[in-house]
Amino acid sequence: MASNRTFTMLKPDAIENGHMGKIIDMILNAGFEIKAMKLTQLTEEQAKEFYEVHAERPFYGELVEYMTSGPIVAAILEKDNAVADFRALIGATDPADAAEGTIRKYYAESKGRNAVHGSDSDENAEIESHFHFTAAEII
Ligand code: DAT
Ligand code: MG
């Protein structure tokens with residue numbers, strides 16, 4: 001059964017470029033409810049751990065540097081079919097491939113600086129949510 005929660009981060013380029021409010025608006029308009037949210041900045045240690053699955057990829061160093069370069073907004077979102085529906089809302093990893101009307105199509109700068117993270121499975125949504133939020137911070 002599909003879980004009804006997913007995890008997102010509005011990445012440093014989105015905050016830096018002043019797109020935070022517009023992206024949150026798109027998320028709410030798409031029917032997601034916010035269950036937890038915080039403005040924070042990742043330490044190098046946190047970014048390395050969060051993206052550990054990509055540790056062997058050539059872009060890992062650049063990814064960690066970018067994700068620690070400025071504030072992010074982390075959030076837990078709820079909706080039926082949350083993981084798949086949120087991946088559809090954000091669009092492809094590379095904004096050049098992202099469908100019209102998606103968050104990355106509107107707001108991502110590039111494949112590396114792509115405005116928003118969305119969990120890729122129910123299992124990772126759970127792990128990533130608890131990586132960023134304690135039980136007391138989740139509604
Ligand atoms: P997604 O964020 O769409 O799930 P992913 O999990 O494959 O994509 O990669 C995680 C992040 O790493 C991605 O949002 C941006 C960065 N990234 C992925 N592929 C990259 C590449 N070829 N060059 C630079 N950054 C890349
Ligand atoms: Mg991913």
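Figure 1. Asn114 is buried at 2% relative accessibility, where buried means under 20% relative accessible area, exposed over 50%, and partly exposed in between (1.4 Å probe, protein chains only). A polar atom of the Asn114 side chain lies 3.4 Å from the backbone oxygen of Lys111. An N or O atom in the side chain of Asn114 is also 2.8 Å from an oxygen atom of ligand 1. Residues are numbered from 1 along each chain as its sequence is written, and chains are lettered from A and ligands numbered from 1 in the order in which they are written. Because the model is predicted, local features need pLDDT of at least 70 and side-chain atom pairs count only at pLDDT 80 or more, whereas totals for chains, interfaces and linings use all residues; side-chain values use heavy atoms, with hydrogens and water left out.

**Figure 2. Two further residues of the loop between α6 and β4.** The phi angle of Ala115 is near 70 degrees, a positive value in a residue other than glycine. Most residues other than glycine have a negative phi. Ala108, also in the loop between α6 and β4, is buried at 13% relative accessibility. The C-alpha atoms of Ala108 and Asp94 are 8.1 Å apart in space, and the two residues are 14 apart in sequence.

**Figure 3. The surroundings of ligand 1.** The residues around ligand 1 are Lys11, His54, Phe59, Leu63, Arg87, Thr93, Arg104, Lys111, Gly112 and Asn114; a residue is near a molecule or strand if one of its heavy atoms lies within 4 Å of it. A polar side-chain atom of Thr93 is 2.5 Å from an oxygen atom of the ligand. In the side chain of Arg87, an N or O atom lies 2.8 Å from an oxygen atom of ligand 1.

**Figure 4. The largest pocket.** This pocket holds about 760 Å³ of space. Its lining has 26 residues, and those closest to the centre are Tyr51, Val53, His54, Leu63 and His117. On a 1 Å grid over the protein atoms alone, a pocket is an open set of points where a 1.4 Å probe fits, with protein on both sides within 12 Å along at least five of seven lines; lining residues have an atom within 4 Å of a point. Grid points are joined across faces, edges and corners, and the volume is the space filled by probe spheres set on the points. The lining comprises eight nonpolar, seven polar and 11 charged residues. Here Ala, Val, Leu, Ile, Met, Phe, Trp, Tyr, Cys and Pro count as nonpolar, Asp, Glu, Lys and Arg as charged, and the others, Gly among them, as polar.

**Figure 5. Strand β3 and its partners.** Seven of the seven residues of β3 (residues 72–78) are buried, so this strand is largely enclosed by the rest of the structure. Strand β1 (residues 5–10) pairs with β3 in the antiparallel sense over six bridges, and seven bridges join β3 to the antiparallel strand β2 (residues 33–40); two strands pair if DSSP finds at least two bridges between them. Ile76 is the bridge partner of Phe7 and also stands opposite Ala36.

**Figure 6. Lys35 in strand β2.** Lys35 lies in β2 and is buried, with a relative accessible area of 11%. The side chains of Lys35 and Glu33 are joined by a polar contact of 3.2 Å. Such a contact is a pair of N or O atoms within 3.5 Å; within protein, one must be able to donate a hydrogen and the other to accept it, and residues adjacent in sequence count only if both atoms are side-chain atoms.

Figure 7. Asn81 is placed in the loop between β3 and α5 (82–90) and counts as partly exposed at 36% relative accessibility. Its phi is near 55 degrees, a positive value in a residue other than glycine. Asn4, in the segment before β1, is partly exposed at 37% relative accessibility. The C-alpha atoms of Asn4 and Ser119 are separated by 12 Å, with the residues 115 apart along the chain.

Notes. Helix = DSSP H or I, 4+ residues; strand = E, 2+ residues; numbered from the N terminus.
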